[in-house]
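Please find below a colleague's note on the structure shown here. The points are numbered so that each may be checked against the coordinates.

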Amino acid sequence: MSNLKRHKPTANNKKAQAIRILILSFFLLICSIPLFSVSFSEDISAMLPSGANGEISRDFALLQKSPLTGKILISISSKTLGEQKLGEVAESMAVRMNTPILSVENNAVNPQEVIKFLIQQAPNLTTHDDLKKLHGITTEQSIEQNLAEAKKLLISPAGLGMRSLLAADPLNLRSIYQHKISSLQNLPRLKIDSGQYFIAGKNALLIVAKSDIPMTDSRNGIKLLDRFKEIKQITLAENRLTGTDISIVFLSGHRYTVANSTVIKSDILTVSIISLCALALLFFFTLRSKGALSIFLAPGVAIMTGLGTCAFIYPNMSAIVIGFGAVLMGISIDFAVHTYFAMAERPSDKTNALRKVSKPVLFGAATSCASFAALYISGIPGIRQLSIFSIAGIIAACAFALFFIPAFCNSFLKADKQQPAFKINSNKKIIFGTTFIVFAVSILGAVNNNFDTELKKLGYISPTIAATEQHFQKKWGQMRSRSMLFASGKTMDEALQKNEKAWADIQNNLSRVKAVSLAPILPSKQRKLQSNARWIDFWDKNRAGTEQQIAAQAEKLGFSAKAFAPAMAQIFAAPPQLSAEVLRSGPLAPLAKMFIPASPESDEKQIITMLPDNKLVTDYYTPQKEKELGVRLVAQSRFKSALELEMKRDIIKFISCSGLLVTMLILGLFRNLRRAALALFPAVFGVAVTFGLLGLLQIPLNIFHIVALPLVIGLGADYGIFMVFQEIRALSPWTVKAVKISGLTTLAGFGVLVFAKHPSLHSLGATVSIGITAALCCAVYVLPQLLHFKEGGHA
Amino acid sequence: MANLIKTVLLVFMLLMFSAGSAFADKQSNFLEELQNKSQSIISISCEFNQQSHIALFADVIESKGKFRFARPDNLRWEYTEPFVSGFLLKGQEGLKWDGAAKDSTRFNTETSPEMAIISEQILAWTTMNIPWLQSLYDIKVTNCAPAVMELTPKSGKTKQFLKLIRIFFTPEETHLKSIELHEPSGDYTKIIFFNVQLNQKLAQGTFLKE
């Protein structure tokens, strides 16, 4: 502690200090006010680009309407147990899923009820082609044949459960109208047991369950996981299957939430310990003064300002933005470090010291602001919030450094006069050569970069979840890889018209594609009226003859006189109601719920047609085709490529904008092309090495790598500015030290995030570690070789 | 007096309990015996007469047919009068035919769940797979000599079309004499088995049909 300079604060200083503490407290209080009225959202959609005309956000919202979204999928599989046994296990599990935490919807579809419904709705569903078939089944021969068939069925064991259906359909109308749902055979096969339905696959059954616990609720998510484990254990014990090869696994958003929450907690602990140790070591070896402690207040001030400003502008803030904004604000410590070292250089003349340091600090802050302002042109709403958060934080941190640090810091380290400002290496060629090679290799490596647009990979995926995902991909991959064709309209009828048009187009142009649509059983108003007219006209002409034939043949075959009277009365009755609501409440309700997403009254109505997610389908639905039909195809594969393209555009857009703004600012500051280029060099080098190394290590870029880039640009430029300033003004060892400490603080503060297991924290840590290390090395070791110092730049 | 009533009541309750308990034991023994006997059955060959009491018909419809079974899972059920139709099953693969149609139709129980249910039910009634029956029905032995058994479906779905199955055994309890399938509507079907041959060698091609 011998090299510590203490400057006892005078009474005036103490008063000034107290006033500033009050001002700072008041300011922080003001910043906290908007936080009381803001709502926080954990929705990942905030981190997605909206795309051209909001296409990506719209598609993401539509993807959420997929039938299996938000459901809990439980796969039961075994290589040795048969489907029947698996069914018993599934049923055994399903009956225990009877609490709001974990329950199974009763989605049983009764085939006979479905056929009865279709026969009943025949007046609404009769097409021109169906008329020919109606003529066919009302001939004398057909009536005789169909009634004889009905008699055989009634007598045989198969007829046991078909009595009411056969009585309701003496004409065999079902042979015409059950084809209306033939496309449903392209859905996964359902196995129905005791009112529960399970989806059957190869040596596997799938239970689709639900929970009232929100998928983002990590605390209660644990209860769901425990409940599943409990049910699984009881089921295995009850069926005496413990120790067999049966596998019961489940996948739902809750599992990811719990895994992420657990790993983030563990990461925070690990990273905090490493970070605190690193910062303590840094403090002990470089700062070692009480006054320097106020430097560490800077991030707090920046975060509060960022939060308050963001909350003031955005009533709904993304929780992800808050998390990352808080981490990014770690850089705000830099301005305080530079101010502190300027004070340390001239502790007795703080005013001059402040004057000397204020220009580079202000320009450093300006370049950082410019760098983060570039984020505002991003198409990602969360990134725009992050931009506002960061700019406000940087301005506050800069103000804190210039107005509060001089008042709060009264003890400083002594400058070691013997220590040179720079050690200019005699082996310039080696340094330049190495820099050139690293730069060139980085540029080459950067070419190999690709984007990881898999949204779920932004979160932590534990080895067990990864294994479960593989299992689901293997057993149920085909079922989950479907695309959805949305027909939307302001009214349900408008949606239905588009849906009809799209279905007709599929039958004409994609007839070999396994598509599933409700169009044949849910016609638009106009089609219904046409159908009604056909039906009524047909029976006006054929009623008497048909009734006569039925009566005669029935008597001949031994049926009672009034056996088919109710059925015939129904045929001639007024057409029944048919609408989305009727379908949702009828025997096809489970399917109707899948294909007609529920929407609030005011929202537009939608109908889904299921299609495979393959190239044929995605290539067919071009923007022109979609416009022509008034539909929108949403497929995971298409969404991923659109997202990738948009993210590439976004990154190019805001990196170019950031680079341009920072370059212009630096040019304006130095008014000298060489100096400006030198000041920019650490930033360019840092960005190049970051991209290069990630490319060489084959780590795909994600959104969190990208949001950390302005940090590298901003901080790299700051280091450059401070170093180039040494060429303009008297060379000071304190400035070099300040640059080094700034870089090391940044690395100790959140470069250590590279040790985190959570991919987003790790990505941020990796970007910062690589970029800042490269920029710092460039600023401290390469730049001095290129600068012309006025006075002894070396020992 | 009060004590006397209490004693009488107690004795009555004990008697009732022991009678119930004895009946339960008897039923359990009967089912166990039936299961043991059924295990020794390798093949069944018989004919049947069926009476369908169905409200849709003016009169009771009488039909005739044949039934064949061979372990482990071969089944043939066919009607010969008043029309020709039937099906056979070998494992999961099956074939059904109708006299009116020229060709028979192949089916697989995995893809034709209704055929799977029908064949499972026929196999269970005729071969007396007691544990399987117990998993689906509440079983009650209503008469011991000759034995009569009543099966009430447990599942709500089956209850929709089947109220009760009443099974009548021959006095020797070696095989079924007849079955009554009662429906919730009041309709019922009675199947009377005759010419029953157990564990006889069945003709080649019984479970094959061109």
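Helices (H or I, at least four residues) and strands (E, at least two) are DSSP runs, numbered from the N terminus. This is a predicted model, in which local features need pLDDT of at least 70 and side-chain atom pairs count only at pLDDT 80 or more, while totals for chains, interfaces and linings use all residues. Residues are numbered from 1 along each chain as its sequence is written, chains are lettered from A and ligands numbered from 1 in the order in which they are written, and side-chain values use heavy atoms, with hydrogens and water left out.

1. A buried position in chain A. A:Ile72 belongs to strand β3 (residues 72–77) of chain A. The relative accessible area of A:Ile72 is 0%, so this residue is buried; buried means under 20% relative accessible area, exposed over 50%, and partly exposed in between (1.4 Å probe, protein chains only). When residues up to four places away in sequence are not counted, A:Ile72 touches A:Leu102, A:Ile207, A:Val208, A:Ala209, A:Lys210, A:Ser211, A:Leu224, A:Phe250, A:Leu251, A:Ser252 and A:His254. Contact here means heavy atoms within 4.5 Å. The C-alpha atom of A:Ile72 is separated by 9.6 Å from that of A:Arg255, which is 183 residues apart along the chain.

2. Strand β3 of chain B and its neighbours. Strand β3 (residues 74–81) of chain B has six of its eight residues buried, so it is largely enclosed by the rest of the structure. Strand β2 (residues 61–70) of chain B runs antiparallel to β3(B), with seven bridges joining them; two strands pair if DSSP finds at least two bridges between them. B:Asn74 is the bridge partner of B:Ala70, and a hairpin with three residues links β2(B) to β3(B). β3(B) also pairs with strand β4 (residues 85–90) of chain B, in the antiparallel sense and over six bridges. In that pairing B:Tyr79 stands opposite B:Ser85, and three residues lie between β3(B) and β4(B) in their hairpin.

3. Salt bridges within chain B. A salt bridge is a side-chain nitrogen of Lys or Arg within 4 Å of a carboxyl oxygen of Asp or Glu. B:Arg76 and B:Glu78 form one, with their closest N and O atoms 2.8 Å apart. B:Glu78 counts as buried at 12% relative accessibility, and B:Arg76 is buried with a relative accessible area of 12%. A further salt bridge joins B:Arg166 to B:Glu180, the closest N and O atoms being 3.2 Å apart. B:Arg166 lies in strand β9 (residues 164–169) of chain B and B:Glu180 in strand β10 (residues 176–182) of chain B, so this pair ties together parts that are 14 residues apart in sequence. B:Arg166 is partly exposed at 23%, whereas B:Glu180 is buried at 9%.

4. Salt bridges in chain A and overall. Salt bridges that share partners join A:Glu55, A:Asp59, A:Glu626, A:Arg632 and A:Arg638 into one network. Over all chains, the structure holds 25 salt bridges. One of these involves the side chains of A:Lys615 and A:Asp619, at 2.7 Å from N to O. Both residues lie in helix α24 (residues 615–620) of chain A, four residues apart, about one turn of the helix. A:Lys615 is exposed, with a relative accessible area of 61%, and A:Asp619 is partly exposed at 43%.

5. The interface between the chains. How many residues of chain B are in contact with chain A? There are 27, and they meet 20 residues of chain A. The two chains bury about 2100 Å² between them, 66% of it on carbon and sulfur atoms; buried area is the accessible area (1.4 Å probe) that two parts lose on being put together, summed over both. Two salt bridges are counted between chain B and chain A, and the side chains of A:Arg163 and B:Glu183 meet in a salt bridge at 2.6 Å, N to O.

6. A nonpolar patch on chain A. A:Phe436, A:Ile437, A:Val441, A:Leu693, A:Leu696, A:Leu697 and A:Ile699 make a nonpolar surface patch of about 640 Å². Patches are made of residues with over 30% relative accessible area and no salt bridge, with like charges joined within 9 Å and nonpolar side chains (Val, Leu, Ile, Met, Phe, Trp, Tyr) within 5 Å. Accessible areas come from the Shrake-Rupley method with a 1.4 Å probe, and for residues only the protein chains shown count as cover. Helices α17 (428–447) and α27 (673–696) of chain A each supply at least two residues of the patch, and α17(A) gives the most, with three. A:Ile437 lies in helix α17 of chain A and counts as exposed at 53% relative accessibility.
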